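Trainee: I would like a close look at one helix and its surroundings. Please go through it residue by residue.

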Amino acid sequence: MRLLVIGAGSTGGYFGGRLAQGGRDVTFLVRPARAAQLREKGLRIVSPHGDATLRPKLVTADRIDAPYDAVLLAVKGFQLDAALEQMAPAIGPQTMILPVLNGMRHMDVLARRFSPRNLVGCALKVATTLDDDGGIVQLTPMQDLAYGELDGSTTPRIEALDAFLRGADIGARRSNAIRREMWEKWILLAALGATTCLMRGTVGEIEACPGGAGFALQLLDEVVAIVTAVGEPPSETFVKTTRGLLTSKGSPLVSSMFRDLQRGRPIEVEEIVGDLVRRGAKINLGAPLLSASYVHLLVYQNQAARA
């Protein structure tokens with residue numbers, strides 16, 4: 001199986017790098033500047049699971065000459081439109097697209113641009129970041145890459161993909177309920193992101209304030225209500241676990257969006273928060289705390305754009 005990774009940033013670089021390290025046929029689609037950086041310094045990974053420096057196969061969009069068997073799409077939501085054109089020559093009728101973007105909007109966009117048949121459901125949980133020199137740093141040992149057919153079926157192609165992914169140390173696992181897992185991931189990202197960004201603090205710092213835990217749980221309830229109405233309802237176990245995560249005493253947990261905000265980087269406010277607010281509004285489902293966070297993040301984004 002030939003895999004093309006779109007984006008050699010912290011997520012695509014980490015998972016693609018681990019697969020290449022495990023002997024898989026992996027190529028990275030990168031822009032010229034990132035290609036030059038990787039050729040000079042290599043793909044560097046610093047991780048609780050072991051450090052590595054790799055010399056991966058690279059390709060630019062104008063050099064793709066045939067479809068790949070699978071494409072791991074690992075870009076930010078605001079980079080999706082540009083990625084669609086760059087990856088188009090790599091997509092054939094049988095190509096599996098594994099998108100590990102946040103939210104759910106990208107699934108509709110990809111289905112329209114290519115075909116619903118190309119899509120494989122994916123839900124990724126990992127905490128990685130790029131250092132100032134372009135190296136990839138995994139912040140915690142957690143790594144969970146779930147994938148499966150969107151209808152929950154077991155097919156020859158998903159079995160082949162499973163065999164390809166499982167050999168590497170990336171927490172890969174096949175799921176027969178991947179659509180629900182994707183919606184659950186969105187719930188966690190939206191609730192954690194909206195809470196920590198609006199309050200500008202860690203879960204533990206918010207919980208330590210009078211009313212902090214109640215605020216976090218009320219915001220979570222808003223998110224769960226929207227997803228239950230417009231998507232796949234989460235499991236009771238997931239909701240219980242998430243309530244605990246968002247109110248854990250002394251927890252240093254923050255969202256990746258909050259880390260980006262602290263560093264002055266672009267954020268996925270539309271994909272993680274805005275799209276959810278709009279879906280709720282379409283069915284007249286109010287979400288005052290989530291909406292307040294959305295406005296707060298838009299102010300930040302507009303200020304950053306002007307700067």
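Mentor: What follows is a look at one helix, then at a helix pair and the cores. Bear in mind that this is a predicted model. Take helix α2, residues 32-41. Its buried residues are Arg34, Ala35 and Leu38. They span an arc of only 105° around the axis, so they sit on the same side of α2. The general rule is simple: an α-helix has 3.6 residues a turn, so residues three or four places apart point the same way. The other side of α2 carries the exposed residues Pro32, Ala33, Arg39 and Glu40. What lies over the buried residues? The cover includes strands β3 (43-46), β5 (57-59) and β8 (121-130). After α2 comes Gly42, with a positive phi near 80°.

Now a helix pair. The axes of α8 (residues 212-230) and α11 (residues 269-282) come within 10 Å and cross at roughly 65°. The crossing is left-handed. From α8, Val223, Ile226, Val227 and Val230 meet Leu276, Arg279 and Gly280 of α11. By class, that contact holds five nonpolar, one polar and one charged residues.

Last, the cores. The largest nonpolar core has 64 residues. Leu4, Ile6, Leu73 and Leu290 have the most contacts inside it. Helix α6 (residues 178-199) gives the largest share of this core, eleven residues. Another core, of 35 residues, lies apart from it; Phe28, Leu54, Met96 and Leu165 are among its members. Leu4 touches, leaving aside residues up to four places away in sequence, a set including Phe28, Val59, Ile64 and Leu72.

Methods
Residues numbered from 1 in each chain as written. Predicted model: local features only at pLDDT ≥ 70, side-chain atom pairs only at ≥ 80, totals over all residues. Heavy atoms only, no water. Core = buried A, V, L, I, M, F, W, Y, C linked by side-chain atoms within 4.5 Å. Buried < 20%, exposed > 50% of the residue type's maximum accessible area, 1.4 Å probe, protein only. Helix = DSSP H or I, 4+ residues; strand = E, 2+ residues; numbered from the N terminus. Contact = heavy atoms within 4.5 Å. Axes fitted to C-alpha atoms, helices over the stretch in contact; angles between N-to-C directions. Left-handed = near helix turned anticlockwise from the far one by under 90°. Nonpolar A, V, L, I, M, F, W, Y, C, P; charged D, E, K, R; others polar. Arc of directions from axis to C-beta.
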